[in-house]
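Please read these notes beside the model.

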Amino acid sequence: MTRHLYLALGFVSLALGIIGAFLPLLPTTIFIIIAAYFFGRSSERLEAKILAHPRLGPPVIAWRREGAISARAKIAACTGMAFGYAVFHLTGNPAPLWRGLAAAGLIASALFVVTRPRPSAEREAEQAR
C-alpha cells in the first residue's frame, strides 16, 4: 500500500511540475525533484526516466548530489516569484496583512534559493573560461 501511495504522489508531483512549466506562478523543478523522490520509493523505472531526461534530469541530480541550483534556475525562480507577487498584488487587491505575509514568504523562499550553491559542473565550466 505504501508503494502505491508513493507512486500516486509521484504522479501528482510530476503533473504539477509539468503544469508549472506552462504557468508562471507554479514552480517546476521542485515538483520534479519531489516526483523523483517518490518514484525512487515506488518505481525505479520511473525514477530512472526522470534522471535520464535531458532537461529534467540534471537539476534533480545536482540537487541530490550537492543541494545545488544552477544560476539560470535561480534567476528563473526569483523572477517567477517577483512576477507572482506582482500578479497577486495587482489583481487581488489583498489586505496589507496578506500582502506582507506573501512578501515575507516569497522573500524567505528567494533567499533559500539564492543561497544554495551552484552545481560543481557549472562552477568548473566557469573557471575553464
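1. In α4, the buried residues include Gly 57, Val 60 and Ala 62. Buried means under 20% relative accessible area, exposed means over 50%, and partly exposed lies in between (1.4 Å probe, protein chains only). Helices are DSSP runs of H or I, at least four residues long, numbered from the N terminus. The cover over the buried residues of α4 includes α2 and α3. Just after α4, Gly 67 has a positive phi of about 65°.

2. A word on the source. This is a predicted model: local features need pLDDT of at least 70, side-chain atom pairs count only at pLDDT 80 or more, and totals for chains, interfaces and linings use all residues. Residues are numbered from 1 along each chain as its sequence is written, and side-chain values use heavy atoms, with hydrogens and water left out.

3. Confidence next. pLDDT is the predictor's confidence in each residue, from 0 to 100. The protein has a mean of 91, and 98% of its residues reach 70 or more. Helix α3 has the highest confidence, at 96. Helix α7 (residues 120–128) has the lowest, at a mean of 77. Where pLDDT is low, the predicted coordinates should not be read in detail.

4. Which residues of helix α3 (residues 44–52) are buried? They are Leu 46, Glu 47 and Ile 50. These residues cover an arc of only 100° around the axis, so they sit on the same side of α3. The arc is taken from the directions from the helix axis to the C-beta atoms. On the other side of α3, Glu 44, Arg 45, Lys 49 and Ala 52 are exposed. The cover over the buried residues of α3 includes α1 (2–20), α2 (29–40) and α4 (57–66).

5. Look at Glu 47, which is found in helix α3. Glu 47 counts as buried because its relative accessibility is 16%. Leaving aside neighbours within four places in sequence, Glu 47 is in contact with Ala 36, Phe 39, Gly 40 and Arg 64. Contact means heavy atoms within 4.5 Å.

6. The largest nonpolar core has 10 residues in all: Leu 7, Leu 14, Ile 32, Ile 33, Ala 35, Ala 36, Phe 39, Leu 46, Ile 50 and Val 60. Helices α1, α2 and α3 each supply at least two residues of this core. α2 gives the most, with five residues. A nonpolar core is a set of buried Ala, Val, Leu, Ile, Met, Phe, Trp, Tyr and Cys residues joined through side-chain atoms within 4.5 Å.

7. Phe 31 is in helix α2. Phe 31 is buried, with a relative accessible area of 18%. Not counting residues up to four places away in sequence, Phe 31 touches Ser 13, Leu 14, Leu 16, Gly 17 and Leu 26.

8. The structure holds five aromatic pairs. One of them, Tyr 37 with Phe 38, is edge-to-face, at 5.3 Å centre to centre and 70° between the planes. Rings of Phe, Tyr and Trp (its six-membered ring) pair if their centres lie within 6.5 Å; planes under 30 degrees apart are stacked, over 60 edge-to-face, and the rest tilted. Tyr 37 is partly exposed, at 39% relative accessible area, whereas Phe 38 is buried, at 15%. Tyr 6, Tyr 37 and Phe 38 form one aromatic cluster.
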